[in-house]
Amino acid sequence: MGRHSVAAPAKTPSRRFILSIIAGVAVVGVVASGVYLWVGGHLNPLFASAGEPACEEIEQLQIVADPSIAAPIEELAADFDADPKRCVETKVRAQDSADTAAELAAGTLSADAWVPDSSVWLARTASTAASLGLNEPDAAAGASIASSPVVFAAPASEAQELAAEPVSWARVLNGTLPALLPDPEASAASLASLYALQGQSSPDDPRQFAGALIALGKSIPATADAAMATVASAGTPTVVLTSEASVAAHNADASAEPLVAAYPEEGTVALDYPFVRIGDAGSKNLDKLETALGTASDLFLEAGFRGPDGSGEVESPGITPTAPPAQTELDGAAQVEILRSWSVLTLRSRMLAVIDVSGSMEEPADNGLRRIDIFQQAAVGAMSKFSGEVELGVWIFSTARNGDLDYEDLSPIAPLADTGHTQQIQQIIGSLPSRLGGATGLYDTTLAAFKKVQESYDPDKVNSVLVITDGKNEDENGISLDQLLGELKKLEDPTKPVAIIMIGFGPDTDFDAMKKIAAATKGGAYSATKPEDLGTVLVDALSQRGCRPDCG
């Protein structure tokens with residue numbers, strides 16, 4: 001059949017329809033001298049009024065900004081677009097810099113420009129692209145549009161107590177000032193804090209900085225907001241390492257626990273907010289937008305940010321109006337290297353600690369303490385640095401410890417977040433002097449421990465055996481070193497890597513044998529010539545697991 005049209009019956013126009021016609025006529029009258037289009041919350045000209053050039057099209061600009069600074073950028077962009085001579089619509093998308101960096105590294109970022117909260121993201125993007133086997137992204141950083149110093153944020157209710165002693169990086173390093181560090185993988189302020197912390201640590205003692213990283217990694221808030229929301233409930237006065245702008249944003253929420261920003265006495269570093277062009281993006285409007293952002297200091301001060309040079313007075317509760325100048329410039333490559341160390345040190349471990357309780361542990365060291373006493377002190381110090389997500393079990397060994405076996409299982413491998421389990425391990429450490437006796441059954445015990453961890457392997461954790469001994473193998477009825485190495489070779493499974501970490505202390509250890517055992521499992525061997533050095537050697541064993549077996 002053909003297509004037919006049927007005339008609709010005539011209807012009397014309704015009142016609503018008549019009003020809409022009147023409104024339409026009014027709009028026609030308004031735009032008679034220049035047609036406008038409602039775009040992005042304001043009118044944009046399609047055709048200019050008489051004497052002005054017409055807009056043939058509206059240019060679309062896409063800007064990605066870190067959420068911390070997106071709001072003032074969006075406000076400026078709206079005013080920028082409102083100029084009828086520009087013919088532009090600017091869309092500002094708030095996105096965490098970590099996510100934007102990942103998109104940029106993978107080549108999937110769709111934007112003309114990006115404003116991250118630190119230039120370090122460009123170095124991290126290049127590093128990520130290289131690790132993926134991709135070319136370095138085409139991104140060019142221009143001048144910074146704002147800055148924000150790194151501060152120690154503390155509950156206002158505890159400010160007076162914290163001020164009783166100088167607030168300093170040194171106190172964070174030595175553990176006398178408890179601090180929360182939001183995840184540096186996602187926080188530029190946290191990574192900048194680690195850079196400043198390293199700058200204050202001893203260049204002659206790398207263990208000092210490594211020990212601080214381990215301690216800070218014990219509890220890692222996902223975000224600065226999460227850290228600031230919980231810091232008031234900490235058992236002891238605690239600070240959050242974050243940016244001044246984040247404190248200002250936190251205090252803008254009337255329902256939040258007020259915080260104050262403390263400035264470390266040694267000086268601090270500052271985040272910059274560079275205007276980064278993506279790809280070959282370029283236009284007069286983009287140029288003018290960058291210029292406008294670079295000269296909008298009053299707008300950014302109102303939002304809690306300093307000028308690019310750190311100048312300006314911020315009027316916000318808990319913030320010093322004029323901040324002390326940053327003392328050190330941030331080095332992007334150095335920060336990336338610190339992040340690698342952090343990633344290694346905070347990998348969640350699943351570890352079986354195997355402790356020598358042979359009779360020789362009763363012998364005194366040079367400082368008058370018994371070897372077992374020194375081990376107890378070192379063990380307690382090391383455990384205090386472990387995160388609750390670390391899983392730890394304990395064996396002890398000598399000879400014929402448990403029937404024909406040289407070893408005894410005293411505690412299963414379980415999370416230290418379990419208070420009962422942690423207390424059990426602490427009690428075991430305390431009871432070690434009463435368990436001493438026998439010779440050193442090192443090889444049989446090491447093989448059995450390796451098998452135990454491999455059989456219960458957890459692919460989401462770093463699985464290892466930590467053997468602590470003050471002597472060499474003395475079990476004449478057990479396996480030899482060659483037999484041990486042969487068995488470890490047979491058991492090797494690339495899908496279930498288990499590293500054996502050997503720690504010897506005192507003058508009686510067979511360090512050559514320890515190195516061979518560790519090398520067979522891509523582990524590490526460490527020696528404390530003086531038993532009292534055991535604490536620092538434990539830090540080495542934890543901090544160098546990313547470079548094994550070729551640690552310098």
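**Salt bridges, burial and a charged patch**

Arg-340 and Glu-337 are joined by a salt bridge, with their closest N and O atoms 2.8 Å apart. This is a predicted model: local features need pLDDT of at least 70, side-chain atom pairs count only at pLDDT 80 or more, and totals for chains, interfaces and linings use all residues. Residues are numbered from 1 along each chain as its sequence is written, and side-chain values use heavy atoms, leaving out hydrogens and water.

Colleague: Why is the contact of Arg-340 with Glu-337 called a salt bridge?

Modeller: The rule asks for a side-chain nitrogen of Lys or Arg within 4 Å of a carboxyl oxygen of Asp or Glu. Arg-340 and Glu-337 come to 2.8 Å, so the pair counts. By this rule there are 19 salt bridges.

Colleague: Where do Arg-340 and Glu-337 lie?

Modeller: Both are in helix H13 (residues 332-345), 3 residues apart, about one turn of the helix. Helices are DSSP runs of H or I with at least four residues, strands are runs of E with at least two, and both are numbered from the N terminus.

Colleague: What makes Arg-371 buried?

Modeller: Buried means under 20% relative accessible area, exposed over 50%, and partly exposed in between (1.4 Å probe, protein chains only). Arg-371 has 4%, so Arg-371 is buried. Glu-363 has 36%, so Glu-363 is partly exposed. The two side chains meet in a salt bridge at 3.5 Å, N to O.

Colleague: How do you know that Lys-515 and Asp-512 form a salt bridge?

Modeller: Their closest N and O atoms are 3.9 Å apart. The limit is 4 Å, so the pair passes. They are 3 residues apart in helix H18 (residues 511-520), which means about one helical turn between them. Elsewhere, salt bridges that share partners join Glu-363, Arg-371, Asp-470 and Asp-508 into one network.

Colleague: Why is strand E14 called largely enclosed?

Modeller: Of the 8 residues of E14 (residues 462-469), 7 are buried, so the rest of the structure largely encloses this strand. Strand E11 (residues 349-356) runs parallel to E14, joined by 7 bridges. Strand E15 (residues 499-505) also runs parallel to E14, with 6 bridges. Strands pair if DSSP finds at least two bridges, so both pairings qualify.

Colleague: Which residues form the negative surface patch?

Modeller: Glu-75, Asp-79, Asp-298 and Glu-302. Patch residues need over 30% relative accessible area and no salt bridge; like charges are joined within 9 Å, and nonpolar side chains (Val, Leu, Ile, Met, Phe, Trp, Tyr) within 5 Å. Glu-75 has 47%, so Glu-75 is partly exposed.

Key. Areas by Shrake-Rupley, 256 points an atom, 1.4 Å probe, with all protein chains shown as cover. Lys, Arg positive; Asp, Glu negative; His and termini not counted. Charge placed at Lys NZ, Arg CZ, Asp CG, Glu CD.
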